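This report goes through selected local features of one model. Please read it with the sequence and coordinates open.

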Amino acid sequence: MKKLAVTKFIFFVLTLIGISSCKKNDNINPISLEVPDVYKKIYGAESITNDGTWIYIKTKCLPDHKSVYYIPGDSLYEPFSGITFGGIQFRRNPNTIIGYSSIFKIPLKPALNNLHAATPLGPIGIALNGVPFFNQYAGPTGQPLKNEAEIESFDKYYGHPTEIGMYHYHVEPIFLTTMKSTKYGLMGFLLDGFPVYGPMEENGTIVNNSNLDAFHGHIHATADFPNGIYHYHFTSEAPYLNGSGFYGTPGTISY
């Protein structure tokens, strides 16, 4: 039991660290310019501002869909005992959803950074509904998700909360790909400012890992970026969203 308690404590600490280069109440530049339309698609944001260099997205990190991880009695609570991601039988983890008022600071004009910083445990990006994206690793051991029981705890929309209650997606957020957008639509942005798309191309082609580079993305035009841009894709196989680190320079998250 002592070993389990220590492991949980380590995961708690790593999650807080991974919650990303966080600075308490990171100052927002008072200059507020018009926000490009593509960022306005983040409908789960409480506010979105632009200082000409950075986009600031304020969110409570709460899913707008039902989940077994909301507290019974909450309007969004829904029991679930079916099959989850990869055809695995669902097994609930002991955590419940808690909101975290957060500000995601991402580059307005993302650019390649050849250093390709590794993604941390904790948030690595933000979905359209304001829910954080996490990487392909399970804390606190840093083992791939497919080697952990963690996938068993994904709810019907393929998300779950951490031990500190932060709900997040590691894999395709199917509430977005099936209810709010499409399989080929915009899903959100990683901290480096590059967009994330679903598991299909606009022509209906399913995206496989073999279609993507080491960072789990590629460059071409999309409906949101007709002049072309590097972008990530969700796929059904590990690493699901991000491979060997950020393509660009990541911003920060503050609380």
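Alanine 117 lies in the loop between β5 (102-107) and β6 (125-127); helices (H or I, at least four residues) and strands (E, at least two) are DSSP runs, numbered from the N terminus. The model is a predicted one, in which local features need pLDDT of at least 70 and side-chain atom pairs count only at pLDDT 80 or more, while totals for chains, interfaces and linings use all residues. Residues are numbered from 1 along each chain as its sequence is written, and side-chain values use heavy atoms, with hydrogens and water left out.

With a relative accessible area of 34%, alanine 117 is partly exposed; buried means under 20%, exposed over 50%, and partly exposed in between (1.4 Å probe, protein chains only). Alanine 117 touches Gly245, Phe246 and Pro250, leaving aside residues up to four places away in sequence, where contact means heavy atoms within 4.5 Å. Between alanine 117 and phenylalanine 246 the C-alpha to C-alpha distance is 5.6 Å, although 129 residues separate them in sequence.

Histidine 116 is found in the loop between β5 and β6 as well. Histidine 116 is not a glycine, yet has a positive phi of about 45 degrees, and it is buried at a relative accessible area of 15%. Another positive phi in a residue other than glycine, near 60 degrees, belongs to cysteine 61. Cysteine 61 sits in the loop between β2 and β3 (83-84) and counts as buried at 1% relative accessibility.

β1 and β2 (residues 54-59) run antiparallel and are joined by four bridges. Serine 47 has lysine 58 in β2 as its bridge partner.

The structure holds 15 aromatic pairs. Rings of Phe, Tyr and Trp (its six-membered ring) pair if their centres lie within 6.5 Å, with planes under 30 degrees apart counted as stacked, over 60 as edge-to-face and the rest as tilted. Two of these pairs are listed here.

| Ring pair | Centre to centre | Angle between planes | Class |
|---|---|---|---|
| Phenylalanine 215 and tyrosine 247 | 6.3 Å | 65 degrees | edge-to-face |
| Tyrosine 230 and tyrosine 232 | 5.4 Å | 90 degrees | edge-to-face |

Phenylalanine 215 and tyrosine 247 are buried, as are tyrosine 230 and tyrosine 232. Because phenylalanine 215 lies in the loop between β13 (195-197) and β14 (217-220) and tyrosine 247 in the loop between β15 (229-233) and β16, their pair ties together parts 32 residues apart in sequence. Ring pairs link Phe194, Phe215, Tyr230, Tyr232 and Tyr247 into a cluster.

Tyr232 and Phe133 touch the most other members among the 58 residues of the largest nonpolar core. Such a core is a set of buried Ala, Val, Leu, Ile, Met, Phe, Trp, Tyr and Cys residues joined through side-chain atoms within 4.5 Å. β12 provides the largest share of this core, four residues.

How values were computed
Two strands pair if DSSP finds at least two bridges between them.
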